[in-house]
Amino acid sequence: MAQFTYSRLSHSLRLSVNKCSVLRTGTEIKYGQACCVQLIRCQSQRSMDDKTLQERQKKQMARGLPKQKPITGVKQVIVVASGKGGVGKSTTAVNLALGLMANDSSKSVGLLDADVYGPSIPKLMNLKGNPELTDNNLMIPLTNYGVPCMSMGFLVEDVAPIVWRGLMVMSAIEKLLRQVDWGLLDYLVVDMPPGTGDVQLSISQNIPVAGAVIVSTPQDIALLDARRGTEMFRKVHVPVLGLVQNMSVFQCPNCNHQTHIFGSDGARKLADTLGIKLLGDVPLHLNIRETSDTGQPVVVSSPDSPEAEAYKKVASAVVQRLEEVNT
C-alpha cells in the first residue's frame with residue numbers, strides 16, 4: 001500500500017496553488033470589468049433606491065462565499081480554538097476527544113490537527129509515520145486509543161519547520177479535511193491553530209461546524225484573545241458551545257494548598273459577560289503535563305483521577321450544548 005509523504009503533498013500543493021493563481025487572476029479581471037460597468041450604470045441611474053443596491057451587493061457577495069460541504073462520514077464537527085497559544089488548547093482537544101468516547105463507548109470520535117505550522121497531535125497521541133493511501137488515494141488516519149488522527153506532523157520530521165505561504169496552507173487544510181478516509185464518525189474534534197486567521201475562516205466557511213469550544217486560562221491577557229475568538233465564530237455563524245477555563249487552580253501536592261496562579265474565575269466572568277456557558281474547569285496539574293509529554297493522555301492513562309474527571313465533565317457539557325443547539 002502506498003504512503004502519502006511530505007514531498008508528495010508539497011508537489012500536489014504547488015500545482016494547486018499555481019492553478020488557483022491563474023484562475024484568480026482571470027477572475028479579478030472579470031470582476032474589475034464588471035465593477036466598471038456597474039459604476040457607470042450607478043452614475044446614470046442615481047434614482048435607483050438604496051434597498052435595490054444593497055440587495056444586489058448581497059447577491060454578489062454570496063457568489064464569492066464558499067458553499068459548505070459536509071465531510072463524508074462525519075456527523076458533527078467540533079472545533080477547539082483559542083485566541084492565543086500556550087493556554088492548553090491541544091491538550092484540551094485530545095482529552096475532549098477521549099472524554100467523549102469514555103462517556104459513551106458507542107460513539108466514534110476522530111481528531112484532526114489543523115495547526116499546520118505547529119502540529120501537536122502526533123506527540124500528544126504518541127503517533128508516528130506516514131499515512132497510507134487507499135485505492136481511491138485517500139489518506140488513512142493513524143489511530144491510537146481508538147481515535148483516528150490526521151496531522152501535518154505525520155508528513156514531516158519532528159523538528160522540520162513548515163515554511164509555507166497562505167495559499168499552500170489553505171490547500172493543505174483542504175486535503176486534510178477532504179482527502180482523508182475518516183470512516184463513520186459521530187464527532188470529529190478539530191484542534192485549531194491559535195488566533196483568528198485564514199485557517200479558522202476557511203474551516204468555518206467550508207464545512208458545517210456543529211460548535212466551537214474556546215479554551216482560555218483565567219489570566220486577563222488570555223481572556224482578551226478568547227473574547228476575540230468568540231466574536232470571530234459568532235461573525236461566521238458558528239455556535240459557540242462555551243468556554244473551558246484551563247489551568248484554573250494549582251493544588252500543592254504536599255499540603256493541598258490551592259493557588260490561583262493565573263487569577264481566579266476569569267473565564268467564568270467572561271462567559272457571563274458574553275452570555276455563553278462555562279463548560280468546565282481544568283486544574284493546573286503535574287499529572288496532565290507528564291501524561292501529555294509521554295503521549296498517554298490523562299483520560300486514558302489515569303481515568304479515575306480528578307484531572308480526567310474534569311475533562312470528562314467538559315465532554316458531557318459539550319454534548320449537552322450540542323443537543324441544545326440542534327433543537
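Helix α9 is followed by G295, whose phi is positive, near 75°. Helices here are DSSP runs of H or I of at least four residues, and strands are runs of E of at least two, both numbered from the N terminus. The model is predicted, with local features requiring pLDDT of at least 70 and side-chain atom pairs counting only at pLDDT 80 or more, while totals for chains, interfaces and linings use all residues. Residues are numbered from 1 along each chain as its sequence is written, and side-chain values use heavy atoms, without hydrogens and water.

Within α9 (residues 286-293), the residues N287, I288, T291 and S292 are buried (under 20% relative accessible area, with a 1.4 Å probe and protein chains only). These residues lie on the same side of α9 because they cover an arc of only 125° around the axis, the arc being taken from the directions from the helix axis to the C-beta atoms. The buried residues of α9 pack against α3 (89-103), α4 (121-124), β9 (278-284), α10 (298-301) and α11 (306-326).

The axes of α7 (residues 220-235) and α8 (residues 266-274) come within 11 Å and cross at roughly 35°. Axes are lines fitted to C-alpha atoms, for helices over the stretch in contact, and angles run from 0 to 180 degrees between N-to-C directions. In contact (heavy atoms within 4.5 Å), L223, A226, R227, T230, E231 and R234 of α7 meet G266, A267, L270, T273 and L274 of α8.

The mean pLDDT of the chain, the predictor's confidence in each residue from 0 to 100, is 84, and 81% of residues reach 70 or more. Over residues 20-32 the pLDDT is below 50, and this stretch has two contacts in the model beyond near neighbours in sequence.

Notes
Buried means under 20% relative accessible area, exposed over 50%, partly exposed in between (1.4 Å probe, protein chains only).
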